[in-house]
Amino acid sequence: MAKTNFANVDEYISGQPKAAKVALQLVRSTIRKALPGAEEVISYKMPAYKLHGGIALYFAGWRQHYSLYPAGQRLVAALKDQLASHKVSKGTIRFPLSEPVPVEVIERIAKFRAKELAQGEKSHITP
């Protein structure tokens with residue numbers, strides 16, 4: 001059985017499938033660069049970035065893809081052109097491991113979420 005109680009993000013990434021590790025390191029560094037004041041934590045058993053009293057962004061690795069959460073209505077609408085080639089559903093944006101990490105898109109997502117939190121807005125995830 002795979003480990004699920006991670007102490008930190010390094011431990012989370014090291015426990016991921018081999019194909020996901022490199023991508024997740026790049027996702028992590030992109031988010032940290034975009035959100036320099038955010039606190040990196042483990043929440044709901046995945047990496048998360050706390051900012052302005054809330055979670056700005058989560059990420060998780062899977063066998064075939066990695067995901068970012070939450071993808072609320074405003075975020076998806078504001079970045080619809082950049083997200084058009086990615087699967088977006090129920091608050092989740094999926095990125096295939098078989099493609100290069102879209103660093104600029106992830107940076108925009110992180111900054112958008114930081115702005116939402118700074119303005120005291122919830123993500124309004126569609127069911």
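Colleague: With which side chain does the side chain of His65 make a polar contact?

Modeller: In this predicted model, the partner is the side chain of Ser67, at 3.4 Å. Both the general idea and the case are simple here, since a pair of N or O atoms counts as a polar contact within 3.5 Å, and the distance between the side chains of His65 and Ser67 is 3.4 Å.

Colleague: Where in the secondary structure does His65 lie?

Modeller: His65 lies in strand β4, which covers residues 65-69. That strand belongs to a chain with five helices and six strands, whose order along the sequence reads α-α-β-β-β-β-α-α-β-β-α.

Colleague: Is His65 buried or exposed?

Modeller: A residue is called buried when its relative accessible area is under 20%; His65 has 17% relative accessibility and therefore counts as buried. Across the chain, 45% of the 127 residues count as buried.

Colleague: Which residues is His65 in contact with, leaving aside its neighbours within four places in sequence?

Modeller: Once those neighbours are set aside, His65 is in contact with Arg94, Phe95, Pro96 and Leu97. For the chain, residues 24 or more positions apart account for 56% of the contacts with a separation of 6 or more.

Colleague: How should I read the radius of gyration of the chain?

Modeller: The value is read against what a compact globule would have, which for 127 residues is near 14 Å; the chain has 14 Å, so the two agree. Taken along the principal axes, the C-alpha atoms fill a box of roughly 40 × 30 × 30 Å.

Terms used. Residues are numbered from 1 along each chain as its sequence is written. This is a predicted model: local features need pLDDT of at least 70, side-chain atom pairs count only at pLDDT 80 or more; totals for chains, interfaces and linings use all residues. Side-chain values use heavy atoms; hydrogens and water are left out. Helices (H or I, at least four residues) and strands (E, at least two) are DSSP runs, numbered from the N terminus. The radius of gyration is taken over C-alpha atoms; the globule rule is 2.2 Å times the number of residues to the power 0.38. Buried means under 20% relative accessible area, exposed over 50%, partly exposed in between (1.4 Å probe, protein chains only). Contact means heavy atoms within 4.5 Å. A polar contact is a pair of N or O atoms within 3.5 Å; within protein, one must be able to donate a hydrogen and the other to accept it, and residues adjacent in sequence count only if both atoms are side-chain atoms.
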